[in-house]
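Trainee: Please take a close look at one part of this model for me. I would like the aromatic pairs and their surroundings.

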Amino acid sequence: MGKPDPAAADAAIALLAGSFGATGASAEIALRGAYNLSLSGFGTAVVALQRSFDGGASWKTLDSFAGDAELAGHETEDGMLYRLDCMAWSDGAIVYRLSR
């Protein structure tokens, strides 16, 4: 849902937000239904959107990004976990927001 104005609190039902300044994975977020992904601030890096069917024991890459991106998706199954994985990085402060 985002913010109705800059001073307002974020109205998302579920929110995972942060930044990458090196390789590594974000925390996990459970998503069902419509979701949004926003990535910005790329220098030289690759960030993957990943999903887990087994409680985080293994991860499957849905898509990967090498530049700023906006994505709207839809998850139909209960119990799905999502995360972002910065798989390659050499510069830039990549800001991410994954929400529903």
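**Aromatic pairs**

Mentor: Y35 is buried, with a relative accessible area of 7% (buried is under 20%, exposed over 50%, partly exposed in between, with a 1.4 Å probe and protein chains only). This is a predicted model: local features need pLDDT of at least 70, side-chain atom pairs count only at pLDDT 80 or more, and totals for chains, interfaces and linings use all residues. Residues are numbered from 1 along each chain as its sequence is written, and side-chain values use heavy atoms, with hydrogens and water left out.

A search of the whole structure finds two aromatic pairs. Rings of Phe, Tyr and Trp (its six-membered ring) pair if their centres lie within 6.5 Å; planes under 30 degrees apart are stacked, over 60 edge-to-face, the rest tilted. F20 and Y96 have ring centres 4.9 Å apart and planes at 35 degrees, so the pair is tilted. It links distant parts of the chain, 76 residues apart: F20 sits in strand 1 (residues 15-20), Y96 in strand 7 (residues 81-99). Strands are DSSP runs of E, at least two residues, numbered from the N terminus. F20 is buried at 6%, and Y96 is buried at 9%.

Next, Y35 and Y82. Their ring centres are 5.1 Å apart and their planes at 50 degrees, so this pair is tilted. Y35 lies in strand 4 (residues 33-52) and Y82 in strand 7, 47 residues apart. Y82 is buried, at 1%.

E75 belongs to strand 6 (residues 69-75). E75 is buried at 2%. Its side chain makes a polar contact of 2.5 Å with that of Y82 (a pair of N or O atoms within 3.5 Å; within protein, one must be able to donate a hydrogen and the other to accept it, and residues adjacent in sequence count only if both atoms are side-chain atoms). Beyond neighbours within four places in sequence, E75 is in contact (heavy atoms within 4.5 Å) with residues including Y35, R51 and Y82.

Terms used
Helices (H or I, at least four residues) and strands (E, at least two) are DSSP runs, numbered from the N terminus.
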